[in-house]
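Please load the model in your viewer and keep the sequence panel open beside it. The stops below are meant to be selected one after another.

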Amino acid sequence: MQAKLSVPPSVRRRAIVTAAGLALLGAGLPATAAARPDADLNRFYRQKITWGRCQGDGFPKDLQCGKVTVPLDYAKPRAASIELALARYRSSGDKRGSLLLNFGGPGVSGVTELAYGGDDFMDLTDGYDVVGFDPRGVGRSSPVSCGDAAYETDDEADGSSDALKDPAAVLRQLRKTATECAKHSGPVLPHMGTVNAARDLDVMRQALGDKKLNYLGFSYGTRLGAVYAAQFPKKVGRVALDGVDTLTEPVTRQGIAGAKGQQTALEDFLNWCVKDIACPFGQDPRKAREEVVRLVRSMDEDPVPTTFDGPFSGQDLVGAIGQALYSEDLWPLLERALASLTEDGDTRGVEMFATGGAARPGLRATPAPAPSALADPEEVPLDNLPSALMAVNCADDPDRPTARQMTRELPRLRAAYEQASEVFGPYRLTQALLCYGRPKGTDYIRDEVKDVGSAKMLLVGTRGDPATPYRWTEQTAMRLGPSAVVLDNKGEGHTGYASSKCVHRKVDDFLLYGSLPPSGSSCGDESDD
């Protein structure tokens with residue numbers, strides 16, 4: 001997921017995530033991928049996309065929308081099917097095919113992101129139709145939901161540090177949430193996960209008329225691209241992966257990495273903030289860090305009333321701050337939002353970060369529509385992004401500790417996470433526990449996505465990335481083998497394409513002209529440019 005995306009806050013809404021996909025809750029075992037479609041899949045591979053005007057208000061006039069049909073269950077392709085939503089900007093130059101984009105999450109609507117954030121990709125229309133899509137379970141593509149479980153507050157297990165001292169209460173809440181997610185998401189939930197999403201990607205490739213997949217993936221989208229390369233190595237065209245996800249690290253280690261990365265980003269923000277007389281935490285960096293910890297604890301004990309639905313807790317604030325830290329461009333807005341909160345008790349500014357730019361609606365999540373046809377835009381549940389993120393990440397994760405193991409390990413994990421970050425540690429630990437009560441996920445990614453033998457792929461890692469640490473780029477490149485070419489971005493922030501002119505240029509040169517930089521080459525820090 002890219003830097004500016006977020007989801008509604010609250011206890012179970014706390015599945016706000018980094019593009020790294022560190023919040024985990026989910027559903028079911030994905031089908032094992034096949035290298036080539038069998039006869040029962042022919043009807044899916046023979047379809048053509050009919051493009052037309054996009055439904056809904058505010059879509060750019062030059063954006064076209066369409067859909068593809070894929071099996072609900074690839075093990076039973078003659079049974080139920082679902083439709084996936086797509087959108088494109090048509091090529092303005094010498095077209096060499098289509099370029100599919102995935103913006104991360106998992107759970108981010110590619111149709112919406114392309115509609116409202118498409119300016120960054122207009123250069124690519126010199127050679128491609130640029131295509132965004134809603135993966136299965138996301139947006140209009142049979143959206144999943146956890147219903148009111150995503151919005152309810154349980155004081156026994158609210159994600160704060162004190163609440164995590166009671167393992168029994170935590171496990172009760174996790175089981176309750178798992179049951180609600182299964183009830184509200186419907187038949188698509190057991191068939192979520194990156195393995196099936198990558199197979200969907202191949203159906204899209206064929207429906208778009210391309211012999212090989214041309215693809216640009218951010219954050220979680222890099223995991224999807226890597227899994228595709230393992231499943232369909234001979235179908236890999238020009239593939240660029242920015243903000244590279246881990247393929248092997250256990251969930252708990254991912255969470256600690258996320259807490260450390262966000263703590264570093266928070267300290268960078270505070271060091272910047274205290275130079276401004278308007279900084280709400282004063283002009284001393286050490287005292288500013290202490291003030292943030294006190295503010296979070298105070299709001300956990302006594303949440304701030306809001307104009308809309310429910311109080312705003314310290315953990316809601318942690319989620320909002322975490323979203324704003326993905327990009328230095330957001331720091332001035334974060335400073336003003338925190339000033340309004342601390343000086344006037346006004347949560348509207350921080351809520352904007354926690355909800356992706358819209359005030360929290362005073363509505364509960366609507367039931368997810370039945371799979372098959374595309375959902376109407378107004379049918380997409382309010383909690384779809386966190387629910388989809390949870391579903392995908394847990395479907396990708398084979399580890400399922402027992403209740404006894406969870407109870408035994410929780411004190412040690414709590415200490416490790418709090419050492420990583422007093423602010424983000426409890427929040428991240430809550431996320432790392434969320435697969436409990438879900439069916440065991442696939443081991444395909446951890447065991448099989450390696451030495452892919454595909455065409456060369458460009459992997460971009462950013463040294464100061466708070467969500468996907470640079471070492472994940474190095475580790476994933478080693479995992480993928482000689483197919484991986486690494487570009488080292490010396491800058492800050494989550495992903496490099498939108499923030500670094502050098503990264504943007506090198507990625508475009510590869511995608512448009514096939515020009516790869518030498519593996520290990522770098523782009524300098526442009527933060528002071």
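Begin by selecting glutamate 249, which is buried at a relative accessible area of 5%; buried here means under 20% relative accessible area, exposed means over 50%, and partly exposed lies in between, as computed with a 1.4 Å probe and the protein chains only. The side chain of glutamate 249 meets that of arginine 253 in a salt bridge, with 3.8 Å from N to O, the term standing for a side-chain nitrogen of Lys or Arg within 4 Å of a carboxyl oxygen of Asp or Glu. This is a predicted model, in which local features need pLDDT of at least 70 and side-chain atom pairs count only at pLDDT 80 or more, while totals for chains, interfaces and linings use all residues. Residues are numbered from 1 along each chain as its sequence is written, and side-chain values use heavy atoms, with hydrogens and water left out.

Aspartate 245 sits in the loop between β7 (236–242) and α6, whereas arginine 223 belongs to helix α5 (residues 220–231), so the pair ties together parts that are 22 residues apart in sequence; helices (H or I, at least four residues) and strands (E, at least two) are DSSP runs, numbered from the N terminus. Aspartate 245 and arginine 223 are both buried.

For another salt bridge, move to arginine 446 and aspartate 399, where the closest N and O atoms are 3.2 Å apart. This pair links distant parts of the chain, with arginine 446 in helix α14 and aspartate 399 in the loop between α11 (384–395) and α12, 47 residues apart. Arginine 446 is partly exposed at 23% relative accessibility, and aspartate 399 is likewise partly exposed at 33%. If you extend the selection to Asp397 and Arg400, you will have the network of salt bridges that links Asp397, Asp399, Arg400 and Arg446. A search of the whole structure finds 22 salt bridges.

Now select helix α13 (residues 425–432), which is mostly covered, eight of its eight residues being buried. Which helices do the buried residues of α13 pack against? They pack against α6 (251–273), α8 (314–324) and α12 (403–420), with contact taken as heavy atoms within 4.5 Å. Among the buried residues of α13 are Pro426, Tyr427, Arg428 and Leu429.

Helix α4 (residues 194–207) is the next stop, and alanine 207 is found in it. Alanine 207 counts as buried at 6% relative accessibility, and, leaving aside neighbours within four places in sequence, it is in contact with Gln47, Lys48, Ile49 and Val68.

Threonine 495, in the loop between β9 and α16 (501–513), has a phi near 70°, a positive value in a residue other than glycine. Is threonine 495 buried or exposed? Threonine 495 is buried, with a relative accessible area of 4%, and it touches Phe218, Ser219, Asp242, Gly243, Thr462 and Asp465, not counting residues up to four places away in sequence. Aspartate 451, in the loop between α14 (444–448) and β8 (457–464), has a positive phi of about 45° although it is not a glycine, and this aspartate is exposed, with a relative accessible area of 57%. Glycine 105 and proline 106 are joined by a cis peptide bond with omega of about -10°, and proline 106 lies in the loop between β4 (98–102) and α2 (110–117).

To finish, show the whole protein chain, which has 16 helices and 10 strands. Of its 529 residues, 62% count as buried. Among contacts between residues at least 6 apart in sequence, 78% join residues at least 24 apart.
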